[in-house]
Amino acid sequence: MQQERPRYVINRPAYNLPEFDSEFDKKSRQFPVGEKVKKLFRCSVPRLKGLLFRHLPVLRWLPKYKVKENLLCDVISGVSAGTIQVPQGMAFALLANLPPVNGLYSSFFPLIPYFFMGTAHQMVPGTFAVLSIMVGIVCLQLAPESDFSHFNATVNATIVDTDGMNEARLAISGTLACLTAIIQIGLGFMQFGFVAIYLSESFVRGFMTAAGLQILISVLKYIFGISVPPYSGPLAVIYTLIDIVRGLPKTNIASLVFALVSSVVLIVVKELSARYRHKLPFPIPMEIIIVVVATAISGPLHLPELYHMDIVGEIPLGFPAPILPTVSQWDDMLSTAFSLAIVGYVINLAMGRTLAAKHGYNVDPNQEMLALGCSNFLGSFFKIHVICCALSVTLAVDSAGGTSQFSSLCVMLVVMVTMLALGAYLKPLPKSVLGALIAVNLKNTLLQLSDPYYLWKKSKLDCCVWVVSFLATFFLSLPYGVAIGVGFSILVVIFKTQFSGPNNRYRHLQKPKGVKIVNYCSPLYFANAEIFRQRIIRKIGLDPAKIILARRKFLEKEQKDKAKEEKKGKETRRRKLSSLVTMKSQTISRLELQNDFDMNGSANKTEPPTSYVNFHCSDIELGEQSSEQEPPSPTAVSLEMQPMPFHTLILDLAGVCFIDLMGIKVLIKSLRLACPCVIFVVLPPAAQVCEELEAGGAFDDGNIARSNLFLSVHDAILFAQQTTGERRVSSKVGPTA
């Protein structure tokens, strides 16, 4: 038995918009710019306190920190995550074409500002693979290996000054980090945290997948132990892949064995840890275990010397000396710095929102931009490369029960101990092991290659965004991928706003007689104004091109007829003058009879019938035509006469969120096509469209009457029916009066 549905009954008077505004006392929107400026620069103790608490969140959470409950968990999670941060930072430094020690610097100095300014409690800043490879492209462009190579005649070979090249690239990396930090800080102070909304999830996933594939191809040279010349720019990854395939016969077997064993062990342990993560008190730091074991095997057995393996090499102990950025190089890296600032912020914010939703706190987007910018700014003086959220390290902290930034403080301590004491023991570590760590950590990113299969079923436009972002990033390099992906995403949004979908989607609907309803559910602006106009033309059944053509033909015919009449009139006057001589013999009675005949003939002339086609309401003003036209002949107008199919046109603009001047102009022109009928416009009372129409002059010169604005389609139909009834009554009463 079907359950009886509840009844929906409304009993209220029908309103047009002016009546509703008057009855419910609508407030005018005001934008007191002067007051806002005064408030912005007003100084007081509560305002100063609010600014401190906003920009230094540590002042909020530190007094409330529960030492007995959370300190032990934070220490354990921080130490275990620090053992992941050290090898991961060294590995990602290789992606940036920098010495491994740069990864340690990048994993230490940026954590200091973020401890005080970060709003995501479990977040650990550090190296990220995508940003590392973008930094590596700039390092290759500004400090290519050829600039540090020279031919040594003694050994008959080309020698590369590795130390000089590393120092130059470290300086370039710090300069790029400083420029990126300035952009992020500037965007943060301008409240530009909302820029992240322009990066759709489809774009981000396509970009990250292409970057992950590029990273995998980039580390293959370390895994196979072959030498590949560096490339940059479009199709660089293709050239690199070709050289790797050509160099496979020269594979270093020892490097490959280290990489394969490390990969297998790491994959097995990670899968077991994921399956039994609820039973483990903290994640197994397998990365640092593999690094320690590989170093212990490679060093004492002298494997690098025996098999010519590429190793990490000497890691300088202690803190680096501060450097100043080379401002003259900013012109060459501005586009990449902007891409790094936006991409790094998006990754950071996405991870921060995920953690906040899981643990029940809020993340301030603008403060995150400032915190990330300050972290990069401080680190830029100590030879870091651009950082953001260290994804695997942050997840390790979260899964181990970390609750605050004390976890990142413990991560920082582990990295500091490595920099000050343990780094010297990592000299014989094979680079193939670090390459294997990078490749295994790309697993989740590369699994996103299946995204188009699922996106195509759900949203074809989102699938297109993913594919375009992926192809542009993979083949044209990462900076081009960001620009093309964002641009295509915006074009997709514009495309969606141009088409609002069909109106008649239900078959069993009762349509009111004599009323046409045009529904439009998109913003009305320059990009879709013509589409809106064509929809109205189709709805009312009048083609303006045909109207203009009929008007031109009509005017041409009238001019020809007038010329003929003038010519005929001249001949008639000549005949009358010649006949005046013979008029003397005619009697007065005959003249009076002729005059009576002329008067009766003129009195019997019929007035031309009216037509709903208004030739003075067209898109093209024919001002050059003669303004003083005689009334059209009945036969000329009757060719254009058709019965009016409706008496009221209702424009349902409730789904229009804004309208620009071009939209207002097209709206007025479109309404003139149906000028003989009554036009009602439906606008929501709380929307700003009414104010935009008023500012754009839509209510001037009687274009749209304010009394014809309504809250809903039903209100407009009730008024239309009432107006039609009054017309019928007046038409019946009129002739009898």
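Trainee: Why is Cys73 called partly exposed?

Mentor: Buried means under 20% relative accessible area, exposed over 50%, and partly exposed in between (1.4 Å probe, protein chains only). Cys73 has 33% relative accessibility, so Cys73 counts as partly exposed. This is a predicted model: local features need pLDDT of at least 70, side-chain atom pairs count only at pLDDT 80 or more, and totals for chains, interfaces and linings use all residues. Residues are numbered from 1 along each chain as its sequence is written, and side-chain values use heavy atoms, with hydrogens and water left out.

Trainee: Is Cys178 buried or exposed, and why?

Mentor: Buried, because its relative accessibility is 4%.

Trainee: How many disulfides does the structure hold?

Mentor: The count is 0. A disulfide needs a pair of cysteine sulfur atoms within 2.5 Å.

Trainee: Why does Gln122 count as buried?

Mentor: Its relative accessibility is 3%, so Gln122 is buried. Gln122 sits in the loop between helix H7 (111-117) and strand E1 (125-126). Helices (H or I, at least four residues) and strands (E, at least two) are DSSP runs, numbered from the N terminus.

Trainee: What does the side chain of Gln122 reach?

Mentor: The backbone oxygen of Gly402, at 3.3 Å.

Trainee: What makes Tyr15 buried?

Mentor: Tyr15 has a relative accessible area of 9%, so Tyr15 is buried. Tyr15 lies in the segment before helix H1 (17-23).

Trainee: How far is Tyr15 from Leu711?

Mentor: They are 696 residues apart in sequence, but 6.8 Å apart in space, C-alpha to C-alpha.

How values were computed:
A polar contact is a pair of N or O atoms within 3.5 Å; within protein, one must be able to donate a hydrogen and the other to accept it, and residues adjacent in sequence count only if both atoms are side-chain atoms.
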